[in-house]
Amino acid sequence: MRLLTRARLEATRAPRAKRAADFDRAVAEFFMRIALEEAAKGLGRTSPNPVVGAVLVKGGRIIARGYHKKAGTAHAEVVALEAAGAKAKGADLYTTLEPCDHYGRTPPCSLAILEAGVRRVISASSDPNPKVSGKGIARMRRGGVKVLTGVLADEADKLNRPFFKVMRTGLPWVTLKAAVTLDGKLATATGDSRWVTGESARAWVHRLRDSVDVILVGANTVRKDDPKLTTRLPGGGGKDPLRVVVDSHLRLSPGYTVFTQRSPARTVIATLEDPEGRKARRFLAQGVEVWQVRQKNDRVDLKALLRRIAKSGLNHVLVEGGAELYGSFLREHLADALALFLAPKLIGAPGLSWAGDLGVKEMAQAVAVKDLTFERYGEDMLLQALL
């Protein structure tokens, strides 16, 4: 989803409604886009909560704004209300998700809105959490607040796809990310893969890592590439996601960089082996968590692993390799989105195909993708799609 930058938004004058009391969709969408920009600041940092942005408007001007920074901290609506103080009375509140109406780590936003004397609430998405699900809207309407819903709902829904999926299925949102040649190869026949894409593409990947909760790779990727699986943004910023390595029989050495790299993020190895056994103790000594996951065909059951990830309060998983793992996610219909970088290079038949064996015998069995978009980064092309 393309969102306007704050600079562009604030350089644009909001359309003026015919009468202050009227609901003007153009005005509502203008301010909701600013709220969406606020919400996006929380990507990768709010799980298990959704990302939410809020803007308070009075007399056609923004008087306060806020976003949800982290689970356990104030929700976006409350951040904006506290910033506005007494000015919130009689204001309009634009929020990207319907306000909550239950006590969790923080009190209900619906009560804070009523206490602040907000005149009107305009929301985008409906919250699938059964603890919310229209209850906040009902309370505010009973309290005399006018509530309007569905403004830029599609754009707001895209921001919270991971949260929505966890709420509805108990599984996290899974994005497959790969960098391949034009003929679909991850590496040469010798395993050389550095570098398939250029610096612009690799910089984009680090921004993506900064916005997800988990990076997941297979044992072969660790063995061949020895990756760090950290986020490296200009100036040293960024957040490292939880790093998960799938190694069904703990055949890796604990000396690989992903296990020894210093990072605030935890590292997990998912396996079939005894988490207190001799093999596991080598990883535990490095501070690596060992998750024993049920087996499927003598390998880690990926669906069971995803459920454990979701139960750990993590909504978005980024799968970064390798071919065998990509193939498993595709065959088992466990992936939701694809981010595929195409480099202007050719390797030929001996190279390693990125998707592995999908068991496709006829064209009618091919895995279909939808909602394709293309962007250029340097010499490389980024293809994004839903699965």
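View 1. The model is predicted: local features need pLDDT of at least 70, side-chain atom pairs count only at pLDDT 80 or more, and totals for chains, interfaces and linings use all residues. Residues are numbered from 1 along each chain as its sequence is written, and side-chain values use heavy atoms, with hydrogens and water left out. A disulfide is taken as a pair of cysteine sulfur atoms within 2.5 Å, and the structure holds 0 of them. C100 is accordingly in no disulfide. C109 is buried at 1% relative accessibility, and C100 is buried at 7% (buried: under 20% relative accessible area; exposed: over 50%; partly exposed: in between; 1.4 Å probe, protein chains only).

**View 2. E77, annotated as an active site.** The label "active site" for E77 comes from an unreviewed UniProt entry; UniProt positions are given in the numbering used here, feature names are shortened, and annotations may be inferred rather than shown by experiment. E77 is placed in helix α3, residues 76-84 (helices are DSSP runs of H or I with at least four residues, strands are runs of E with at least two, and both are numbered from the N terminus). With 4% relative accessibility, E77 counts as buried. Apart from neighbours within four places in sequence, E77 is in contact with V52, A54, L93, T95, L97, E98, P99 and C109 (contact: heavy atoms within 4.5 Å).

View 3. Of the 9 residues of α13 (323-331), 7 are buried, so the helix is largely enclosed by the rest of the structure. The buried residues are A323, L325, Y326, G327, S328, F329 and L330. Elements covering them include β6 (173-181), β7 (185-187), β8 (214-218), α12 (302-311), β14 (316-319) and β16 (352-353). Y326 is buried, at a relative accessible area of 1%. After α13 comes H333, with a positive phi near 55°.

**View 4. Positions annotated as a binding site.** Under "binding site", the unreviewed UniProt entry lists A179, W195, T221, D225, S248, G322, A323, E324, L325, Y326, G327 and S328. These positions are spread over 150 residues of sequence and also in space, with up to 28.0 Å between C-alpha atoms. D225 belongs to helix α9, residues 219-225. At 26% relative accessibility, D225 is partly exposed. Neighbours within four places in sequence aside, D225 is in contact with S193 and R194.

**View 5. Salt bridges.** A salt bridge is a side-chain nitrogen of Lys or Arg within 4 Å of a carboxyl oxygen of Asp or Glu, and by this rule there are 15. One of them joins the side chains of D210 and R45, at 2.6 Å from N to O. D210 lies in helix α8 (199-210) and R45 in the loop between α2 (25-40) and β1 (53-58), so the pair ties together parts 165 residues apart in sequence. D210 is buried at 14% relative accessibility, whereas R45 is partly exposed at 29%.

D336 and K165 also meet through their side chains, at 2.7 Å from N to O. The loop between α13 and β15 (337-343) holds D336 and helix α7 (161-169) holds K165, so this pair ties together parts 171 residues apart in sequence. Both D336 and K165 are buried.

E324 and R299 form a salt bridge of 1.8 Å, N to O. E324 lies in α13 and R299 in strand β13 (299-300), so the parts tied together are 25 residues apart in sequence. E324 is partly exposed at 42% relative accessibility, as is R299 at 44%. E38, K41 and R65 are linked in a network of salt bridges.

**View 6. D247, a buried acidic residue without a salt bridge.** D247 is found in the loop between β9 (242-246) and α10 (257-260). D247 is buried and has no salt bridge; R223, the nearest side chain of opposite charge, is 5.4 Å away (Lys and Arg count as positive, Asp and Glu as negative; His and the chain ends are not counted). Not counting residues up to four places away in sequence, D247 touches A219, L252, I269, A270 and T271.

**View 7. The two domains.** The protein chain is divided into domain 1 (25-163) and domain 2 (170-386), with bounds from an automatic or database domain assignment. Taken over C-alpha atoms, the domain centres are separated by 34 Å. In contact are 9 residues of domain 1 and 12 residues of domain 2.
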